[in-house]
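Visitor: Please walk me through reading helix packing and a ligand site. Let us have the model in view.

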Amino acid sequence: MQDLGISILFKGVNFQRLLLGLWVTLRIALITIGISTALGLLFGLLMMSRSRAARGFCRVWLEIVRFMPQLVLLYLVYFGFARLFGWNLEGETSAILVFSFWGTAEMGDLFRGALTSIPRHQRESAAALGLTKAQINRYILLPQTARRLLPQAINLSTRIIKTTALVKMINVTEVLKVGQQIIGQFYREPSVAFWVYATVFLMYFLICWPISLLAGRLETRWSAG
Amino acid sequence: MMEPILRVKDIHKAFDGSGVLKGVSLDIHEGEVVVIIGPSGCGKSTLLRCINGLERVDQGEIWLRDQLISGLKDMHLVRQKIGMVFQSYDLFPHMKVMDNLLLGPMKALRKPREAVEAEAMEMLRRVGLAEKAQALPRTLSGGQKQRVALVRAMLMHPELLLLDEITAALDPEMVSEVLNVVIDLAEQGMTMAIVTHEMRFAEAVADRVLFMEQGVIAEEGAPASFFREPKTERARQFLQSFTYASTRKKAQETQAADVGLA
Ligand SMILES: Nc1ncnc2c1ncn2[C@@H]1O[C@H](COP(=O)(O)OP(=O)(O)OP(=O)(O)O)[C@@H](O)[C@H]1O
Ligand SMILES: [Mg+2]
């Protein structure tokens, strides 16, 4: 009985459908990570700006992102905004919007944390060597910020990848949704659910595990300052 | 007499309205070693930081030879001529020792790598750290880090070197290995302004001692006379606090030794 379940996975185009679903997941995650990183750098600088208004704005944004469940934000944008403003947002676009809104704030906070964790003396002893501001940024502050930021940014990226599973709730056909469709199609075979979910599990694992290994490796290599 | 290298004229500096330097004047001549001592918070660090432009003076002037450097825009050009080493271990943690040494000469002075590298190796050898050239700073002891920091500053061939309590964060057994390097530099004729709490070192290295108190230079003199018989009551009290501390420490040490024997 159980081999029947697993054979269904490889029947026809089922496995390809799963892979296609996985690609949708990854596409959303990759675009989100790209946008979050770029805007996150700006967000981080804004968090450190002299303007109280800018800092307050960032704080409110970050708080919203932290206490609001992603799913609520997804619903709000996909269903709420669509009705309210008559926007016709695709599920995938809504997802990227919401996740980037979240990722930008989190990435910005990581960036700010990394930059402010560099002791003041680093800047000063570089200045004492007669380096210009630009040289200090390039040779001292940026490399050290990157070293502190990268492991955490990678961890955030795996969290973003994981969270994309939510988009099936707003009708995006990503890997989990495809899996459920296959299970529905072959409902007469009870073990198929196990094999499908196990496969999806494995797919997530195979993507996130090496990434988080890399993060761990970088962290130990670069940690002790 | 020759023109001084550095001329500090009546500088004032306040943080948030409270005065930290209240009219400090000071000349340093070529090859001279000036040691600045005084109680915590009297403005010693602030004075050094003003000299190399890490803090801006509110009032007064600082001249490096014939150049007015206080309030200058291109401070980095001046800092190429005034070296500074701080209390905290301030090597760049993401660079090997050699790269720490090369950064200033190559990027600020635009010297070719080969020339600087040879000189850096030679200086490392002189401070006993030749085999650490390719090590990362985090693998060094505090005393080794400060020796590297001294070499890094010296490779810029500064006209003046400022040292701000460079042994204050070290374990006691590492203090002398660092101070010996400083004494070496003094013997080679390096012009220095040194802030320190190591009184015996101060006496050994100084050509002139400045005693600072509450933002002014309260007393100034040759080390021999200053340490033997300070003119001001405050300086006397300050020096006394050290002898007290050291006799007490000795008492504790003998006590500890007794306990160890028992
Ligand atoms: N950036 C700053 N902002 C505000 N106050 C400062 C700043 N730097 C120094 N101060 C204050 O100025 C005073 C003098 O500080 P400074 O560091 O020059 O003293 P110091 O003589 O070097 O003392 P120590 O022996 O403890 O190093 C202190 O009261 C200190 O709190
Ligand atoms: Mg100080």
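Visitor: At roughly what angle do the axes of helix 2 of chain A and helix 7 of chain A cross?

Guide: A note on the basis comes with that. This is a predicted model, where local features need pLDDT of at least 70, side-chain atom pairs count only at pLDDT 80 or more, and totals for chains, interfaces and linings use all residues. Residues are numbered from 1 along each chain as its sequence is written, chains are lettered from A and ligands numbered from 1 in the order in which they are written, and side-chain values use heavy atoms, with hydrogens and water left out.

Guide: Axes are lines fitted to C-alpha atoms, for helices over the stretch in contact, with angles from 0 to 180 degrees between N-to-C directions. Helices are DSSP runs (H or I, at least four residues) numbered from the N terminus. Here, helix 2 of chain A and helix 7 (residues 133-163) of chain A cross at roughly 140°, and their axes come within 9 Å. Therefore helix 2 of chain A is oblique to helix 7 of chain A. Oblique is what remains after under 35 degrees (roughly parallel), over 145 (roughly antiparallel) and 65 to 115 (roughly perpendicular).

Visitor: How do the axes of helix 2 of chain A and helix 5 of chain A cross?

Guide: Helix 2 (residues 14-47) of chain A and helix 5 (residues 91-116) of chain A cross at roughly 40°, with axes within 6 Å. That pair is oblique too.

Visitor: Which residues are around ligand 1?

Guide: A residue is near if one of its heavy atoms lies within 4 Å. Around ligand 1, the residues include Phe15(B), Lys44(B), Glu165(B) and His197(B).

Visitor: Which N or O atom of Gly41(B) lies by an oxygen atom of ligand 1, backbone or side chain?

Guide: A polar contact is a pair of N or O atoms within 3.5 Å. Gly41(B) uses a backbone atom, at 2.7 Å. Gly43(B) also uses a backbone atom, at 3.0 Å. Ser45(B) uses its side chain, at 2.7 Å.

Technical notes
Polar contact = N/O pair within 3.5 Å; in protein donor to acceptor, adjacent residues only side chain to side chain. Helix = DSSP H or I, 4+ residues; strand = E, 2+ residues; numbered from the N terminus.
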